[in-house]
Amino acid sequence: MPDADRDRAYENTALAIACGQTISQPIVVARMLELLELSPDDRVLDVGTGSGYHAALLSRLVREVWTIERHPDLSAAAERTLVALGFDNVSCVVGDGSRGLPDQAPFGAINVAAAVGLELPPALVAQLAPGGRLVGPVGRRRQHLVRVRRTAAGVVRERFEPVRFVPLVRD
C-alpha cells in the first residue's frame, strides 16, 4: 500500500494503488481464494498482480505462483515487496494477462483480478489443467464472480455474487 493509505489496508474497501489500479477488498480476495478450491500441490496463475497482495496469499496456500501484470512499474514494485517479505515461490512477469503464460501452463488454478468483459479469455481457459479452476469477474457494468472448471466432459461455468473490478486491459 502507498504510505498515505497504509492505515486503511485492512478496511473492507477497494483502495487505489499506482497506475490507476486498485487493491481489492479483503473479503473479495478471500472469497476468490475460497472459490479456487486450492490444494497445496497446485501451480497457480494470478492475472493482475497489482500490489502483489493476492499473489502473497496464494503463495501460502499452493506450491507455485506465477503472477502477470501489464504495468512494468507495478510488477517491479510488487516483486520487490514479495522478495523483501520472503515470498520465494512467486514469479512476477510483465505481459498481457488475457494471454496467460502458455509456456508455464497447465495451471491447477487461475485467479483473474480484473473484469474480463462478457467472456473469459479463451487462452486462459485453455491453460487450465484437467480439473483446474479459474475464478474471475465477468461483465462490464454488472459484474459477477465466475468459476470455470475443466472437466473430462468439458468446461463447467458457475456464477456467484456481484463484484466490481477494474477492467482487464488487453494489448
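Predicted model: local features only at pLDDT ≥ 70, side-chain atom pairs only at ≥ 80, totals over all residues.
Before I start, one term: a polar contact is a pair of N or O atoms within 3.5 Å, where, within protein, one atom must be able to donate a hydrogen and the other to accept it.

The side chains of aspartate 96 and serine 98 are joined by a polar contact of 2.6 Å, which lies inside the cut-off of 3.5 Å. Is aspartate 96 buried or exposed? Its relative accessible area is 7%, and buried means under 20%, so aspartate 96 counts as buried. Leaving aside residues up to four places away in sequence, aspartate 96 touches Ile68, Val169, Arg170 and Asp171. The loop between β5 and β6 also holds proline 106, and the peptide bond that leads from alanine 105 to proline 106 is cis, with omega near 5 degrees. For background, most peptide bonds are trans.

Let me turn now to the sheet, which is open, has seven strands in the order β5-β4-β3-β6-β7-β8-β9, and shows mixed pairing. The edges are taken by β5, residues 90-94, and by β9, and because each of these has a single partner strand, one side of each is left without a neighbour in the sheet. On average, and ignoring direction, neighbouring strands of this sheet are turned by 15 degrees against each other.

In the loop between α1 and β3 we come to glutamate 37, whose phi is near 50 degrees, a positive value in a residue other than glycine. Glutamate 37 is partly exposed, with a relative accessible area of 40%.

Helix α3, residues 72-84, lies across β4 and β5 and runs at about 165 degrees to β5. From its first C-alpha to its last, this helix of 13 residues reaches 18 Å, close to the 18 Å expected at 1.5 Å a residue. Which residues of α3 are buried? They are Leu74, Ser75, Ala78 and Leu82, and because they cover an arc of only 95 degrees around the axis, they sit on the same side of α3. As a general point, an α-helix has 3.6 residues a turn, so residues three or four places apart point the same way. The buried residues of α3 pack against α2, β4 and β5, whereas the face turned away from that buried side carries the exposed residues Pro72, Asp73, Arg80, Val83 and Ala84. Just after α3 comes glycine 86, which takes a positive phi of about 85 degrees.

Conventions
Residues numbered from 1 in each chain as written. Heavy atoms only, no water. Pairing = 2+ DSSP bridges. Helix = DSSP H or I, 4+ residues; strand = E, 2+ residues; numbered from the N terminus. Axes fitted to C-alpha atoms, helices over the stretch in contact; angles between N-to-C directions. Contact = heavy atoms within 4.5 Å. Expected span 1.5 Å × (residues − 1). Buried < 20%, exposed > 50% of the residue type's maximum accessible area, 1.4 Å probe, protein only. Arc of directions from axis to C-beta.
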